[in-house]
Amino acid sequence: MHSLVPGFYGRTMGKSLSPEKAQILSEKLPAVNLHHHLEEGHDWPFSNPCWMEIGFGFAEHFLAQQKQNPEIPFIGAEVFKNGVAHCLKHLPTQHKCWIFPENVHLLMPVIPAQSIERIFILFPDPWPKKRHHKRRLIQMAFLDQCFRALISQGALYLASDVPDLVGWILEVLQQHSGFVYKAGATSADPTTWPAWPLDWPSTRYGSKAAHKAFMIWEKI
Ligand SMILES: C[S@@+](CC[C@H](N)C(=O)[O-])C[C@H]1O[C@@H](n2cnc3c(N)ncnc32)[C@H](O)[C@@H]1O
C-alpha cells in the first residue's frame, strides 16, 4: 500500500484496551478488516456504491445509519482501537460493513474511482493552533481524493461545532471546483447555523456540542 501518506497525529488507544475489548478485536476484526483484505491483494469488496464514515469515534452515527439502511454497504474508518472494538461489539450479526482500522490516508488512494456515494466526516479533530492547521483532515488534496472516490452526485456529509474549523472547511470546499453546496451551514458564525436535521443521527462529540453545524456538499 501507499507509504507516503499524511501522518496521523491523534491517539490510537485509550489508557489501555480492556481484556474484553482486546478479545473483541481479535475475534471480530479479522473478518471485516478492509486494510488487511486489501493488503492481502484481494479485490475491492463492493460491487455497488457504498457509504463511508471517516473517524467514527465510538460509532454512534455509523451504527445508527447501518441500522436504518441495512442494505447499504458501509465502510467505517477509525484508528482509535477502543472505538473500533465498541463498534464491533454492537454490529448486528447481519451487516454489510467493513472496518478500516488505520489512518484513512492509507485508504483514500486505493479506493476505486466513483465507488462511494456518501462520505461522512463528523466532528473531525479541530487542531485549533495555527501551526497545526496542516494536520486538519479537510485539505484540498484530501478533497481531490474524495472527489475521485465519489460517484457523480455523491456527497460529503460534514459536521463540526468549532466555528474556526467550520470556516476552514467552507473555505476549502468553496475553492474546490468539484463540489457544490447542497445544505447546511454557510458561514463560521454559529448564530447562522441551521438546525441539525432530525433524521441525522448525532455522535458522542455532537451530543456534547452547544451549537453544531452540518454541511452537505455534492460532487458536480
Ligand atoms: C474528534 S473525534 C470525533 C469522533 C466521532 N466522529 C464523534 O463525532 O463522536 C475524531 C475522530 O477521528 C479519528 N481520526 C482522526 N484522523 C484520522 C485518520 N487520519 N484516519 C482515521 N481516523 C482518524 C480519531 O481517532 C477520532 O476518533
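Over how many bridges do β2 and strand β3 pair, and in which sense? Let's get to that with a quick tour. What you have open is a predicted model, in which local features need pLDDT of at least 70, side-chain atom pairs count only at pLDDT 80 or more, and totals for chains, interfaces and linings use all residues. Residues are numbered from 1 along each chain as its sequence is written.

**Stop 1: β2 and β3.** Select residues 74–77 for β2 and residues 97–100 for β3. Helices (H or I, at least four residues) and strands (E, at least two) are DSSP runs, numbered from the N terminus. Here is your answer: β2 and β3 pair in the parallel sense over four bridges; to pair, two strands need at least two DSSP bridges between them. Click Ile75, and you'll find Trp98 of β3 opposite. To get from β2 to β3 the chain goes through helix α4 (residues 81–90), in a right-handed β-α-β crossover. Right-handed here says that, with the strands pointing away from you, the path from the first strand over the helix to the second runs clockwise.

In a regular strand the side chains alternate between the two faces of the sheet. On β2, Phe74 and Gly76 sit on one side, Ile75 and Ala77 on the other, and all are buried (20 or more other C-beta atoms within 10 Å of a residue's own, with C-beta atoms placed from the backbone).

**Stop 2: β1.** Now pick residues 50–54, strand β1. β1 and β2 are parallel partners too, with four bridges, and Ile54 stands opposite Ala77.

Stop 3: Strand β4 (residues 116–122) is largely enclosed by the rest of the structure, because six of its seven residues are buried. β4 pairs with β1 in the parallel sense over four bridges, and Trp51 has Arg118 as its bridge partner. Next, show strand β5 (residues 150–160), which runs parallel to β4 and is joined to it by six bridges. The link from β4 to β5 is helix α6 (residues 140–149), again a right-handed crossover.

**Stop 4: around the ligand.** Finally, display the 23 residues around the ligand; Gly55, Gly57, Phe123, Thr203 and Tyr205 come nearest. α5 (104–107) and α8 (204–208) are the elements giving two or more residues to this shell, and α8 has the largest share, three residues.

Notes: Near = placed C-beta within 6 Å. Buried ≥ 20, exposed ≤ 12 C-beta atoms within 10 Å, placed from the backbone.
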